[in-house]
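Colleague: I would like to learn how to read a model like this one. Where do we start?

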Amino acid sequence: MTRRITSWHTSPSRPRYAPPPGAVDAHCHVFGPKARFPFSPKAKYLPADAGPDALLALRDYLGFERNVIVQASCHGTDNAATLNAIARSNGKARGIAAVDPAIDGAELDTLHAGGIRGVRFNFLKRLVDDAPKDRFLEIARRIAPLGWHVVVYFEADILAELRPFIDALPVPVVIDHMGRPDVSQGPNSPDMHAFRALMESRADIWTKVSCPDRLDPAGPPYADFVRAVRPLVEDYPDRILWGSDWPHPNQQAVLPDDGTLVDVIPEIAVTEALRKKLLVDNPMRLYWPEY
Ligand SMILES: O=C(O)c1cc(C(=O)O)oc(=O)c1
């Protein structure tokens with residue numbers, strides 16, 4: 001693994017849709033820069049540098065004000081690159097870390113001071129070697145006093161197997177990219193039924209209605225994604241978040257145009273009130289509750 005991948009569009013279009021003031025991109029990442037923040041020896045992909053300068057410039061270009069930076073799997077459990085990006089944002093970014101179960105209380109406090117507000121549990125075999133549920137539960141118990149939540153990333157085919165684990169989590173839960181349903185099957189598919197059952201199972205489960213580029217292989221204007229996801233936005237308006245997913249880890253065949261991704265927002269959230277919840281009120285409640 002030597003070739004470094006550029007997984008993002010280097011000249012995205014400017015979106016036609018203008019997000020409301022204070023909009024939060026609640027799922028994005030940084031890669032490196034590698035010279036200061038080397039990738040994990042266990043990384044499953046080796047990306048080109050996509051550091052805070054590029055992220056903050058894109059934020060402004062797309063019309064957003066804040067970011068939630070999710071530790072990318074290529075950085076393992078060393079959160080230095082994510083913390084560096086948060087520190088560069090002038091208080092306009094917070095983050096989600098990946099941590100080793102052995103992490104001590106002082107290290108958790110340092111992460112909190114650096115803007116971290118949760119930890120991510122990644123169950124994708126193509127991204128991580130192992131996902132020990134018992135140790136994840138131990139971490140979730142440890143972060144509860146900090147008021148953090150957990151972010152869980154999985155694919156639809158393991159949702160049933162994961163249910164007891166998710167049910168046992170003692171803190172709020174955010175599901176990345178809706179647990180990757182097959183959106184081509186429409187809004188009433190078995191995947192969507194199972195996902196809705198999860199959303200119904202507790203009041204403190206949220207989800208990111210993100211990644212049309214990953215979930216809808218037909219590409220722009222992502223009609224299957226819009227048809228499957230719009231009803232979720234309408235039924236769970238207070239528990240949804242949106243994120244660009246920049247710099248789109250692992251995307252290679254087709255690089256998503258971030259302007260086009262922003263233009264999907266008014267298609268899935270069809271009223272101004274829904275868009276304000278999705279882009280401002282909900283992420284602020286979860287990541288900047290003091291505001
Ligand atoms: O589907 C993916 O490849 C992917 C990877 C990562 C990561 O490497 O952290 O994060 C994501 O949100 C999505």
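Modeller: With the names of elements. Helices (H or I, at least four residues) and strands (E, at least two) are DSSP runs, numbered from the N terminus. Take P221: this proline is in the loop between α7 (212–215) and α8 (223–235). P220 and P221 are joined by a cis peptide bond, with omega about 5°.

Colleague: What kind of model is this, and how are residues numbered?

Modeller: The model is predicted: local features need pLDDT of at least 70, side-chain atom pairs count only at pLDDT 80 or more, and totals for chains, interfaces and linings use all residues. Residues are numbered from 1 along each chain as its sequence is written, and side-chain values use heavy atoms, with hydrogens and water left out.

Colleague: Which peptide bond from W246 is cis?

Modeller: The one to P247, with omega near -5°. P247 lies in the loop between β8 (240–241) and α9 (258–262).

Colleague: Where is N90 found, and what is its phi?

Modeller: N90 is in the loop between α2 (80–87) and β3 (93–97). Its phi is positive, about 60°, although N90 is not a glycine.

Colleague: Which residue caps the N-terminal end of α3?

Modeller: First, the general idea. A polar contact is a pair of N or O atoms within 3.5 Å; within protein, one must be able to donate a hydrogen and the other to accept it, and residues adjacent in sequence count only if both atoms are side-chain atoms. D104 is the cap of α3 (residues 105–113): a side-chain oxygen lies 3.1 Å from the backbone nitrogen of A106. After α3 comes G115, with a positive phi near 100°.

Colleague: Now the ligand. Which residues come nearest?

Modeller: A residue is near a molecule if one of its heavy atoms lies within 4 Å of it. There are 15 residues around the ligand, and Y45, S73, R120, R126 and Y153 come nearest.

Colleague: What about the side chains of H177, R180 and N250?

Modeller: Each has an N or O atom by a ligand oxygen. The distance is 3.0 Å for H177, 3.4 Å for R180 and 3.0 Å for N250. Taken alone, the ligand exposes 330 Å², and the protein buries 100% of that. Such areas come from the Shrake-Rupley method with a 1.4 Å probe; for residues, only the protein chains shown count as cover.

Colleague: Where does the ligand sit?

Modeller: On a 1 Å grid over the protein atoms alone, a cavity is a set of points where a 1.4 Å probe fits but cannot get out; a pocket is an open set with protein on both sides within 12 Å along at least five of seven lines; lining residues have an atom within 4 Å of a point. A molecule sits in one if more than half of its atoms lie within 2 Å of its grid points. Here the ligand sits in the largest cavity. Its lining has 14 residues, with R120, L127, Y153, R214 and P249 nearest the centre.

Colleague: How much space lies in the largest cavity, and how much in the largest pocket?

Modeller: A volume is the space filled by probe spheres set on the grid points, which are joined across faces, edges and corners. The largest cavity holds about 100 Å³, and the largest pocket about 590 Å³. Of the 22 residues lining that pocket, K42, G76, T77, V128 and D130 are closest to its centre. β4 (116–122) and α4 (133–143) are the elements that give two or more residues to this lining.
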